[in-house]
Number of protein chains: 2
Amino acid sequence: MSYQINSLNQLIENLAKLPGIGKKTAQRLAFFILKTERSEVMELAKALVSVKDNVKSCSVCFNITETDPCEVCTNPRRDKSIICVVEEPSNILTIERTNEFRGLYHVLGGALSPLTGVSPDTLKIRELISRLEGDVNEIILATNPTVEGEATAIYLSKTLGNLGVKVTRIARGLPMGGDIEYADEVTLAKAFANRS
Amino acid sequence: MSYQINSLNQLIENLAKLPGIGKKTAQRLAFFILKTERSEVMELAKALVSVKDNVKSCSVCFNITETDPCEVCTNPRRDKSIICVVEEPSNILTIERTNEFRGLYHVLGGALSPLTGVSPDTLKIRELISRLEGDVNEIILATNPTVEGEATAIYLSKTLGNLGVKVTRIARGLPMGGDIEYADEVTLAKAFANRS
């Protein structure tokens, strides 16, 4: 390219580092930002920095939070006898949206994956076990229904089962609004096996 | 949602304002930013502000630039007798990438569109006409091959033709690597009409 606008190129390069945003999308976004009010762009820039400065990990459940321990862990109205185990903090946001679960959480920070070097020691499993010393009655395993998530759930149910705590796994079956016609075999098999 | 992380929500809301980025993508980006090094996030934030502070419009051709007049207008090695008319500054970036055109540019700031209220007065057409007083031999109309772009090209070729300057339109035909099988009728008709 024979001509360059430095600050624009810098922005395009930085935007292109975001996941799912290629060079063309980054360019489109950069031109949109050029046309946007300065105050709105400042707000976005501030929000970016603010997230890095204010959001940390809860020392109890490893959820993301602005206060430590997090809002869920300190909330007196939540049921401290049930812990829902998830892979990532983003899963908690999704589960909270259902208003179905009123217990506590525990974020593993991933799922077992020998290929990418994620072993039980890499995950926050030891921290989960140490939390069982309280009055915990049930652990709900809400890892993803993927190969890694299932492996993690199996590993945890064995490890935690030995400690005498009740361990359950979220149901796998047909998604609501789904169509049996388009269900894959594994999901359909699970839906039959777990019929109620 | 019963629980909120303010700075994260703020970031998600701000990201969701960008074009083509919905709530879910914004959430995914926000969680990516949470995991990114602070220095990299700072760089992105700075690039955002820098673009707003440093990039302005060239007073001659209305291209975006950090210096006024812009690099293209002041470059002594560019052919000042040809002006390529485009709709948006982003078009110039794309044209420059081909290394095909060595003249000057003129950004209209859009295309004629009576429905959305874009009239000849809204576009930088008067400014284009005032540039013809120099030694301009040819105007290349590189507006988009859309209804609005074609209308603008027809309007300009009439207006500028009356002033005695040579006016050309970029060719419309089958895109390279394309397939006649999948070409639409309008494009194919143009490709036949403009055969060379």
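Author: Contact here means heavy atoms within 4.5 Å. The model is predicted. With that cut-off, helix α5 (residues 89–98) of chain B lies across β3 and β4 of chain B. Helix α5 of chain B runs at about 155° to β4(B).

The sheet itself is open and has four strands, in the order β4-β3-β5-β6 (chain B), with parallel pairing. Its edge strands are β4 and β6 (166–169) of chain B, each of which pairs on one side only. From one strand to the next, the twist averages 25°.

Take the β4 side of the sheet. Strand β3 (residues 79–86) of chain B pairs with β4(B) over five bridges, in the parallel sense. Within this pair, Ile83(B) stands opposite Leu104(B) in β4(B). Strand β4 (residues 103–107) of chain B has five of its five residues buried, so it is largely enclosed by the rest of the structure. Thus β4(B) is an edge strand, and it is also largely enclosed.

Now the β6 side. Strand β5 (residues 138–141) of chain B is joined to β6(B) by four bridges, and the two run parallel. Here Ile139(B) stands opposite Val167(B) in β6(B). Helix α7 (residues 147–161) of chain B packs on the sheet as well, where it touches β3, β5 and β6 of chain B. The direction of helix α7 of chain B makes about 165° with that of β6(B).

Methods: Residues are numbered from 1 along each chain as its sequence is written. Chains are lettered from A and ligands numbered from 1 in the order in which they are written. This is a predicted model: local features need pLDDT of at least 70, side-chain atom pairs count only at pLDDT 80 or more; totals for chains, interfaces and linings use all residues. Side-chain values use heavy atoms; hydrogens and water are left out. Buried means under 20% relative accessible area, exposed over 50%, partly exposed in between (1.4 Å probe, protein chains only). Two strands pair if DSSP finds at least two bridges between them. Axes are lines fitted to C-alpha atoms, for helices over the stretch in contact, and angles run from 0 to 180 degrees between N-to-C directions.
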